Amino acid sequence: MSLPPLVMRCRVSDGRRGFPLWIPLFLLWPLALAILLVLAPFLLVAAAVRWGGAWCRRLPRVGWAFLRCLCSVRGLELDFRKGEERFRISMK
Amino acid sequence: MSDNQKKVLEMLAEKKITVDEAYRLLTLVGPEEEAGAAAPGAGEPVGKRRPKYLRVSVQPTDEGGEAGAERVNIRVPVALIRAGMNLASLMPSIAVSRASEALKEKGLDLDLSRIKGEDLDQLIEALNDLEVDVKDKKERVRIHTE
């Protein structure tokens with residue numbers, strides 16, 4: 001499994017004007033990890049209480065699959081152009 | 001830079017091939033030669049390389065290339081397709097049946113609940129041979145792996 005995307009680059013332009021947007025996703029991941037650590041005890045208690053449910057047993061696999069999805073986004077590029085207008089997103 | 005790479009760039013400069021085609025050729029030529037240089041005979045044949053990305057591009061043709069024509073160029077990592085289908089296979093049955101119904105309404109008769117891990121691997125493997133090139137008066141749609 002590769003690293004999650006570290007930077008998201010967006011570019012919007014209409015031919016005359018345009019602006020690039022550089023979103024540092026690497027700043028979000030430590031924050032997300034901290035939130036997950038804070039929530040972990042509550043999640044564990046909830047899982048222990050509701051362990052009988054099929055959905056609850058499936059939850060760890062779903063979480064792992066979601067994480068893999070997130071990490072696989074790296075390399076995604078979307079580029080749309082109509083005349084002079086252009087919209088581009090790339091995940092690095 | 002190898003002779004093959006130079007030839008590709010020359011063809012691009014002479015406008016015999018498009019930028020997309022040049023990029024594809026360079027990606028095909030580069031790794032093969034590097035692998036061949038590192039260990040002769042050890043590199044996999046180019047056709048058997050595992051695809052990394054699925055490229056979908058919609059370009060206006062020469063006749064339909066008016067000023068406001070739409071162009072779309074999407075590069076999707078194959079790993080994302082694999083991970084997404086894995087995630088889809090874990091969806092609750094209610095969500096799967098609803099998604100299948102929605103796909104059927106759009107003309108795609110695909111039962112997501114029947115997709116298994118080994119099917120996924122075969123599907124990803126088959127992507128290597130995928131090359132769709134549809135052209136009409138206005139647009140050209142290309143789907144290929146790289």
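Within chain A of this predicted model, the bridge partner of A:Arg11 in strand S4(A) is A:Arg88. As for bookkeeping, residues are numbered from 1 along each chain as its sequence is written, and chains are lettered from A and ligands numbered from 1 in the order in which they are written. Because the model is predicted, local features need pLDDT of at least 70 and side-chain atom pairs count only at pLDDT 80 or more, while totals for chains, interfaces and linings use all residues.

Taken as a whole, chain A has 2 helices and 4 strands, arranged from the N terminus on as β-β-α-α-β-β. Of its 92 residues, 4% are buried, a residue being buried if 20 or more other C-beta atoms lie within 10 Å of its own, exposed if 12 or fewer, and partly exposed in between, with C-beta atoms placed from the backbone. Of the contacts in chain A with a separation of 6 or more, 50% are between residues 24 or more positions apart; a contact requires C-beta atoms, placed from the backbone, within 7 Å.

Chain B contains 5 helices and 4 strands, and its pattern along the sequence reads α-α-β-β-α-α-α-β-β. Buried residues account for 5% of the 146 residues in chain B. Among its contacts between residues at least 6 apart in sequence, 55% join residues at least 24 apart.

The two chains come together in one open sheet. Its 8 strands follow the order S2(A)-S1(A)-S4(A)-S3(A)-S2(B)-S1(B)-S4(B)-S3(B), with antiparallel pairing. Strand S2 (18-24) of chain A and S3 of chain B stand at the edges, each with a single partner strand, so one side of each is left without a neighbour in the sheet. From one strand to the next the twist averages 5°, where axes are lines fitted to C-alpha atoms (for helices over the stretch in contact) and angles run from 0 to 180 degrees between N-to-C directions.

Where the sheet passes from chain to chain, strand S3 (residues 77-82) of chain A pairs with S2(B) in the antiparallel sense over 6 bridges; A:Phe80, for instance, has B:Val72 as its bridge partner in S2(B). The contact between the chains takes 20 residues from chain A and 19 residues from chain B. On the chain B side, S2 and H3 each supply at least two residues, and S2(B) gives the largest share, 8 residues. By class, that side has 12 nonpolar, 4 polar and 3 charged residues (Ala, Val, Leu, Ile, Met, Phe, Trp, Tyr, Cys and Pro count as nonpolar, Asp, Glu, Lys and Arg as charged, and the others, Gly among them, as polar). Helix H3 (residues 78-89) of chain B lies across strand S1 (53-60) and strand S2 (70-77) of chain B, at about 70° to S2(B).

The antiparallel S3(B) and S4 (residues 139-145) are joined by 5 bridges, and B:Asp133 finds its bridge partner in B:Arg142 of S4(B). Of the 5 residues of S3(B) (residues 131-135), the number buried is 0, so this strand lies largely in the open.

Note on methods: Two strands pair if DSSP finds at least two bridges between them. Two residues are in contact if their C-beta atoms, placed from the backbone, lie within 7 Å.
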